[in-house]
Amino acid sequence: MAADIVQNQLTRKPDSVLGLATGETPVQMYHELVRRHRAKRLDLTRITSFNLDEYAGLPPEHPGSYTYYMRERFFDAIPLPSGRGHMPDGLAADPEAAAREYERRIQTAGGIDLQILGIGTNGHIGFNEPGSTLDSRTRLVELTAETIARNSQLFPEGETAPGQAVTVGIGTILEARQIVLLACGPAKARAIRETVEGPVCATCPGSALQTHANCIVLLDDAAAAELQLPPAQSQSA
Ligand code: F6R
């Protein structure tokens, strides 16, 4: 379904600006997009993309880095002209200047047309951990112990995920014209309930999405299991 939404967006506007997420959740979406691209059912070469986040201090060739993830799952299969697949710079000598530059590039590209999001078990979107202000912008952040432990599962044996990352802000995410939030599995059920049915507050960054006029939430049954309001009211998919 997420690949269909991306395809519909690219049918309307082939040179769309996409906001992209990493992590386990969108792996099948990338696989399906690449499959359609190879089958010539979809042309992904005209997009511009901006990823949500990158670890600080991790070289792009490290298998745990999000740059490596994107190359493996997407960019190597869809060679974009240079300068059109953007990643936040986790190695910048001046992270604040690099963050401002990332925001400027998003603006120069015309803003994000379609933002793909996953969600953390603690409700984070991008790497905006609980407590991030709802109007936050791209910046260097500290990751919580829960996020570091969970994300270390995707690192080579014996290695731990870095404690800092660069993430676009919640305010940056909310400026996208359309947002699709993906969540699968029981570990996400509480975060999804708080995101969809809880109060809008910084303790659950995902809840900020309630204020967006065009946000679709795609869930499997396990991630939707704790929703209490009928779907018509909660707007869950
Ligand atoms: C990744 C990102 C994170 C993940 C979230 C869920 O770019 O921004 O917010 O979407 O941590 O990760 P998974 O999908 O691995 O459960």
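Predicted model: local features only at pLDDT ≥ 70, side-chain atom pairs only at ≥ 80, totals over all residues.
Entry 1: I began with the total, and it comes to 11 salt bridges. A reminder to myself: side chains of opposite charge can pair when their charged atoms come close.

**Entry 2: Lys13 and Asp113.** I looked up this pair and found a salt bridge, with 2.8 Å between the closest N and O atoms. Where do Lys13 and Asp113 lie? Lys13 is in the loop between helix H1 (2-12) and strand S1 (17-20), while Asp113 is in the loop between helix H4 (95-108) and strand S5 (114-117), so the pair ties together parts that are 100 residues apart in sequence. I also checked accessibility: Lys13 is partly exposed, at a relative accessible area of 31%, whereas Asp113 is buried, at 6%.

**Entry 3: Arg36 and Glu32.** Next I turned to helix H2 (residues 27-38), where Arg36 and Glu32 sit four residues apart, about one helical turn. Their side chains form a salt bridge, at 2.8 Å from N to O. Are these two buried or exposed? I found both Arg36 and Glu32 buried. I then followed their partners and noted a network of salt bridges that links Arg36 and Glu32 with Asp4 and Arg35.

**Entry 4: Arg190 and Glu194.** My last stop was helix H7 (residues 189-197), which holds Arg190 and Glu194, again four residues apart and about one turn of the helix. Their salt bridge has its closest N and O atoms 3.5 Å apart. Arg190 is partly exposed, with a relative accessible area of 39%, and Glu194 is partly exposed too, with 26%.

Conventions. Residues numbered from 1 in each chain as written. Heavy atoms only, no water. Salt bridge = Lys/Arg side-chain N within 4 Å of Asp/Glu carboxyl O. Helix = DSSP H or I, 4+ residues; strand = E, 2+ residues; numbered from the N terminus. Buried < 20%, exposed > 50% of the residue type's maximum accessible area, 1.4 Å probe, protein only.
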